[in-house]
Amino acid sequence: MNGGILLVEDDESLSRAVSLTLSNEGYKVYTAATAAGARAVFASAKPVLVICDIDLPDGNGLDLCAGIRRESDVMFLFLTALDGESDIINGYGAGADDYITKPFSMSVLVSKINAVMKRCVSAPTGIASGDIEYLTAENRAKKRGEYLRLTAREQRLLEYFMTNPTRILSKNQLLEALWDIDGSFVDDNTLAVNIRRLREKIEDDPSKPVYIKNVRGLGYIWERGCRSI
């Protein structure tokens with residue numbers, strides 16, 4: 001997670017004021033004045049919080065929020081002059097986490113953002129090791145930013161390895177980790193097949209693995225260290 005805040009606001013003076021205030025609070029702030037610009041910045045910057053107006057020159061923030069929500073669980077806050085009950089309901093319905101109406105208190109906005117960012121920073125979303133990321137909340141994995149197509153067993157194996165890095169895991173430990181996935185019997189051959197297939201998806205050269213290695217007579221090891229993301 002790259003972090004930072006994306007501010008989507010077409011009022012240049014307001015955008016500048018909010019950006020400066022948040023920058024002074026120590027945040028990295030990205031700005032966009034249109035929905036199209038916001039999508040481009042979101043894709044490249046990967047912010048942890050989006051602050052968005054609803055009325056935008058090329059569309060509306062509700063559609064932007066709904067679109068982002070389909071691909072991400074990033075925190076989303078509306079900052080808008082639309083203060084009707086139906087407007088607020090529509091904002092939360094689109095997927096917003098909070099809704100602030102204009103005019104607003106800058107100190108209240110900063111307090112809300114500080115609280116949101118504290119939650120974002122304190123709640124890891126997954127595990128990373130080299131080019132591999134396991135996204136806990138999504139139960140999906142990526143290699144160099146691209147989602148991997150894993151079976152349920154391959155996914156469980158990857159998660160188990162990455163939550164136990166640099167530890168030798170016996171075949172029995174790995175078999176137990178796979179046992180409850182679909183209730184079917186798992187034997188040594190099934191384990192070996194799943195590890196081979198997983199290597200084919202995560203290793204650049206499966207014949208010379210750098211992640212999952214055999215430890216003769218003992219089991220397997222995820223040889224690279226892991227970190228929270």
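This is a predicted model: local features need pLDDT of at least 70, side-chain atom pairs count only at pLDDT 80 or more; totals for chains, interfaces and linings use all residues.
Q: Which residues of helix α3 are buried?
A: A residue counts as buried when its relative accessible area is under 20%. In α3, which spans residues 61–71, the buried residues are Gly61, Leu64, Cys65, Gly67 and Ile68. Seen down the axis of α3, these buried residues fall within an arc of 165 degrees, so they line one face of the helix.

Q: What covers the buried residues of α3?
A: To answer such a question, one looks for the elements in contact with those residues. For the buried residues of α3, the cover includes the helix α2 (35–45) together with β1 (5–8), β3 (49–52), β4 (55–56), β5 (59–60) and β6 (75–80).

Q: Where is Asp53 found, and is Asp53 buried or exposed?
A: Asp53 is found in the loop that runs between β3 and β4. Its relative accessibility is 7%, and because the cut-off for a buried residue is under 20%, Asp53 counts as buried.

Q: Which side chains make polar contacts with the side chain of Asp53?
A: Here one reads the distance between the side chains, and there are two cases to look at. The side chain of Asp53 is joined to that of Thr80 by a polar contact of 3.4 Å, and the side chain of Asp53 also makes a polar contact of 3.3 Å with the side chain of Lys102. If residues up to four places away in sequence are left out, the residues that Asp53 touches are Val8, Glu9, Asp10, Gly61, Phe78, Leu79, Thr80, Ala81 and Lys102.

Q: What joins Lys102 and Pro103?
A: The general idea is that most peptide bonds are trans. The bond that joins Lys102 and Pro103, however, is a cis peptide bond, with omega at about -5 degrees. Pro103 lies in the loop between β7 (98–101) and α5 (106–122).

Q: What is the phi of Lys46, and what is the phi of Thr166?
A: Most residues other than glycine have a negative phi. Lys46 has a positive phi of about 50 degrees although it is not a glycine, and Thr166, also a residue other than glycine, has a positive phi near 60 degrees. Lys46 has its place in the loop between α2 and β3, where it is partly exposed, with a relative accessible area of 44%. Thr166 lies in the loop between α6 and β12, and Thr166 is partly exposed, with a relative accessible area of 48%.

Q: Which residues does Pro165 touch, not counting residues up to four places away in sequence?
A: Residues that are apart along the chain can still touch, which one reads from the structure itself. Pro165 is found in the loop between α6 and β12 (168–169), and with residues up to four places away in sequence not counted, Pro165 touches Trp222, Arg224 and Cys226. Pro165 is partly exposed, with a relative accessible area of 22%.

Q: Which residues of α7 are buried, and which are exposed on the other side?
A: In α7, the buried residues are Leu174, Leu175, Ala177 and Leu178. Seen down the axis of α7, they fall within an arc of 160 degrees, so they line one face of the helix. On the other side of α7, Asn172 and Glu176 are exposed. The buried residues of α7 pack against α6, β12, α8 and β14 (219–222).

Q: At what angle do the axes of α7 and α8 cross?
A: The axes of α7 (residues 171–179) and α8 (residues 188–202) come within 10 Å and cross at roughly 80 degrees, which means that α7 is roughly perpendicular to α8. In this contact, Lys171, Leu174, Leu175 and Leu178 of α7 meet Asp188, Leu191 and Ile195 of α8. By class, the contact of α7 with α8 has 5 nonpolar, no polar and 2 charged residues.

Definitions and conventions: Residues are numbered from 1 along each chain as its sequence is written. Side-chain values use heavy atoms; hydrogens and water are left out. Buried means under 20% relative accessible area, exposed over 50%, partly exposed in between (1.4 Å probe, protein chains only). Helices (H or I, at least four residues) and strands (E, at least two) are DSSP runs, numbered from the N terminus. The arc is that of the directions from the helix axis to the C-beta atoms. Contact means heavy atoms within 4.5 Å. Axes are lines fitted to C-alpha atoms, for helices over the stretch in contact, and angles run from 0 to 180 degrees between N-to-C directions. Angles under 35 degrees count as roughly parallel, over 145 as roughly antiparallel, 65 to 115 as roughly perpendicular and the rest as oblique. Ala, Val, Leu, Ile, Met, Phe, Trp, Tyr, Cys and Pro count as nonpolar, Asp, Glu, Lys and Arg as charged, and the others, Gly among them, as polar. A polar contact is a pair of N or O atoms within 3.5 Å; within protein, one must be able to donate a hydrogen and the other to accept it, and residues adjacent in sequence count only if both atoms are side-chain atoms.
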